[in-house]
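The paragraphs below go through the strands, the cores and the surface of one protein. Please keep the sequence and the model at hand while reading.

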Amino acid sequence: MKWFPVLSLLFWICAVYITGIYLFVGGFLLVRMEVNRTSSCLDALYPGQGPERDFCRGQPRFHKAVLLIIDALKIDFARFDPNNTSPRPYENKLPVLEETVSAKPSHSRLYPFRADPPTTTMQRIKGFTTGSLPTFIDVGNNFASSAILEDNLIQQLGQVGKRVVFMGDDTWENLYPKRFHRSLPFPSFNVKDLHTVDDGILQNIYTTLEGDDWDVLVAHFLGVDHCGHRFGPDHPAMADKLTQMDGVIRSVMRRLQNDTLLVVMGDHGMTDTGDHGGESQKETDAAIFIYSPSPLFQQPQNQLEPEVVPQTDLVPTLALLLGIPIPYSSVGQVLLPLFPPHGQSAVGALSQQEALWINAKQVNRFLETYSSMAKDIPPETLSQLRAQFSSLSSEYITAHQKGLLSSPQLTASLQSYLTSVRDTCRATWAKFNPFKMAAGLIILALACVTCLLLSELSLTLIREDNALKSSCIVAVLTGICVAIAQLLSWGYMEVPWCVAGATLTSELLFIWKAYKTRTVAKTASKKSASWFSVTHLLTPAVFILLLRCASLLSDSYVIAEGRVVTFLVFSLALYIPVHLNWHGYLLPQIYDSPKPSALLPSPPLPSSVVRKEASTLMASLALVIGSLFLSLFFHGCREEQGSCQPSPFLSPLSRMQDDKLKNLHYVLSVSALALYTYFLRNWMRNYGNLNASCITVFTANWILPLSSISLGLHWAVSGTPEDSFKNLSELIGLAQLALPRAAYCLLTAGLFLIWLDPLTVFIKSKTSAQNRLASRLPPRYRASIGISPQAELHHLIPQIYQQMRQSLDDGELSGYGEEDGRPAVEAYGLGTVYSAPLLLSCGMLGLVLLLLHPEGMALAFLLLLLEMGAVLYIHASSNNLSGPGRTEAGGFNVPWTPVVLWALAATQFFHATGHLPTFPSIQWGAAFVGFPDGHTGTIIPASLVTLNTFASHILLAVSCPLLLLWPLVCEVRSSRGGRTCGEEVEDAVMEIRLRESPQQFSSALLQLSARYLFVHGAQVFASVCAAAILRRHLMVWKVFAPKLMFETSAFIVTSVSVLLGVTFVLRIDSAVTRWFKRLVPDASR
């Protein structure tokens, strides 16, 4: 079998797709242009005429400030309802806030504090320290935070000599390295650790407050956020954490001086499941509590009190209260209630109108600088804003000269201008690169065409030597020419355009070669070129695929994708028996004719075989339908789905408080795990793959069950509450570390051993007692004596198999064997020599992926295994009924219908394992399975989360070659008899028949892989088109952009998995070749 053409062509087509994705995403999800300029105290306050005054003029309202950031402090946690007699764990646990606001209204306020999405910690810290609006792509940097270069509060505080002390979440240290007077960072990534960060802060915060070595204290608590991730908000642990925070706030307030401002705030909220990252109101609405020991707010409250405070407004407010310049890129608006009206302020203090004017002038300066650099704000909008500010400037100077700054109209005009600028920036913040987007679209469109051509020309390409050699050489030369042209014209080189030129050239050359092949094929034979016709390509399966791709332009479809894809899988599975029945294949043919029976055409299959195959197909269809229905019980919910309730199986056992329900879930999960393991081993035993004494059989007999036991014990330990067995807490902690790592090691070792020796064939020879002492004769599978061993290897494989099959029953040989003293060969597992190790590997890989999911997902993985098996048997039975032994051009063709069905099942079980194409649905807890103490880097946690998120794509892509192998396992080849999946017939050779035609085997494997990649690539192209066409759509950042990110990531994971699956099949083929080479020389002696 030719391995190099298969792998090189697949690797090339994957690289072409990924290049298109890279270019489009680079143009679509660009980070906004940052203005790296800094405000200073020398900036002019007044425009035009009049004296120029220091930006930080006068004495600041406060000399010190304490910022207590309680991560994920949503507004619901901060409110207090005295009429609520039965509060939930997260309700009424922070009474200090409402008590203070009620008792001291002139000293404190409590507001909803609204974040801009994405609601992840790094972006929120960036938002309320710079005053800018993070872009969508920044979400990818949440766990690989890089230093903030834009002007910010921390930098401004340092420039005026204020000592900033930080303690808590180490994300701050990554964002502001060496910017703090003193820093006490604690690791933040371990969401299962509720206490380390908070306890570290509590050990230092009070002594720091009582000392005099600080001006601004920042303390970032993480316990509430981690409790939400681990248990959800509705858990007793959340009540404990919020109660602890209530005590912290009270203690800090008692230690404050009159010139100190206290700000208690959350950076974001959380959903009902404890997650965040999206833009639902539960995720964006945090709380902010502002307090000063001295009077701060005017009484009574007036119309200037905001209902909601945007997070960006904190930046200019703190800056002016502390007497420092507002950061240059801030688009926030000062919080007016913290400033007195004009005429009521102390000498040197800023009034509301003065604060608004400083704020407006700073925002206008940023707008002018940004618009001159980025050129992405619409000219008409920019003209309107300039005219508005010019009018405001004149109005303010006039009011200042006449002493009319207290005018409500002036205040409203300033607020309106600031709001308009912020809305404009929010609407046009991301700078699209239309050239990169267009290049990505063109490359992806050609990649789909190229992949389709690759699948249909697979046999021709396998027969050619170095099919890609000329294309690759020309592509490399094109890339070099593009680089030289850039250097000569621009003076620098952009690598993406070099890669784009090379990729586009290789695609066009391949398509041109395909066109030449079509011309030759048309000349040679019309039949051989029939695949170019529309009727050949536009099958019902491909039509369903195109319909799905077109539907990706609908936000409603994307929101309801889980159920819609389930319906499409059901429809496509139901189409198979309907199609067979339409053509008369599903039922035995009954001839009602006056012709004599001898003149009637013989049926392709006996009636008994047709009935068995039809029964198998219908039973498998029923299993698919049942799996589809049950899989709906494991879906998660999007915010847009309203009253939808997420599956209870998505909650880990540790979150459950009802012991009976927890025990029921555990029993169901362990039972599903046991059935999963049993089905895998039972299938291998049924086909004789557990009889050999090889390491793969050892893996199936011992490593697979031991891994399942480790997994079950891990679930039991992880579901045990921490305070249940206080005397055994150390032992439980050790088990939480050891059991998942033991499962990792066992499963990794098992996969390595299968790769090392994948054969599961057991062979033994027997001779009759009467001839044992006679001279040994060569076995009967010798074809002749006068041909070379290489020729024997090519021709004798079917005879080897036949002789092995014929001697399975001891003493019952058809004219061969013990009667003439020649050894009878008895073999087990030869007919499934390819599928058995592949299936075992996929099963063990499934256990690795299951380990990274909540315990309840064991039921979903069992359904996935059953549905995969049912689809394979439907495919095999359909192949037998529609034409046993049917091949295409001498090869082993896998039709489009099972390929599309297999690919859609990957998306279906993406949703059926609790995942959604939204960032809040990412199961971050997977990063800590086996690593309860966290990680020192980001590679391992990122890999674990990726494996968790795209588990279904990985499993179905790696197991994709089973679509080629399974029909051979269940093949019916003779009209003289038949079998159904394992029953013997006279001339069945099962998977060994692949070795009779190595070129066709390679071609079929390449065609199947290319078709599978085409299905996923078409969906990626549709998502890219949706994002490009609807880039100004209201739902683009909420629906289409996340869908694009998940779809492209899924394709990359699928590509790698397909290459791994194909490589493993080639590894098995290599082992089979070596096995036969050892067998033939032994027979020749």
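Strand 3 (residues 164-169) pairs with strand 5 in the parallel sense over five bridges. Strands (E, at least two residues) and helices (H or I, at least four residues) are DSSP runs, numbered from the N terminus, and two strands pair if DSSP finds at least two bridges between them. This is a predicted model, in which local features need pLDDT of at least 70 and side-chain atom pairs count only at pLDDT 80 or more, while totals for chains, interfaces and linings use all residues. Residues are numbered from 1 along each chain as its sequence is written, and side-chain values use heavy atoms, with hydrogens and water left out.

Within strand 5, Ala219 is the bridge partner of Met167. Strand 5 also pairs with strand 1 (residues 64-70), again in the parallel sense, over six bridges; here Ala65 stands opposite Val216. Val216, Val218 and His220 point one way from strand 5, Leu217, Ala219 and Phe221 the other way, and all are buried. Buried means under 20% relative accessible area, exposed over 50%, and partly exposed in between, with a 1.4 Å probe and protein chains only. Because six of the six residues of strand 5 (residues 216-221) are buried, the strand is largely enclosed by the rest of the structure.

The next topic is the nonpolar cores. A nonpolar core is a set of buried Ala, Val, Leu, Ile, Met, Phe, Trp, Tyr and Cys residues joined through side-chain atoms within 4.5 Å. The largest has 200 residues, of which Tyr17, Phe28, Leu850, Trp902 and Tyr1012 touch the most other members. Helix 37 (residues 1036-1084) gives the largest share of this core, 21 residues. Apart from it lies another core, of 72 residues, including Leu133 and Leu392. Not counting residues up to four places away in sequence, Trp902 touches Tyr1012, Met868 and Leu963, among others; contact means heavy atoms within 4.5 Å.

Leu446 lies in helix 16 (residues 434-456). Is Leu446 buried or exposed? Its relative accessibility is 19%, so Leu446 counts as buried. Leaving aside neighbours within four places in sequence, Leu446 is in contact with Leu504, Glu507, Leu508 and Ile511.

Leu488, in helix 18 (residues 469-489), is exposed, with a relative accessible area of 73%.
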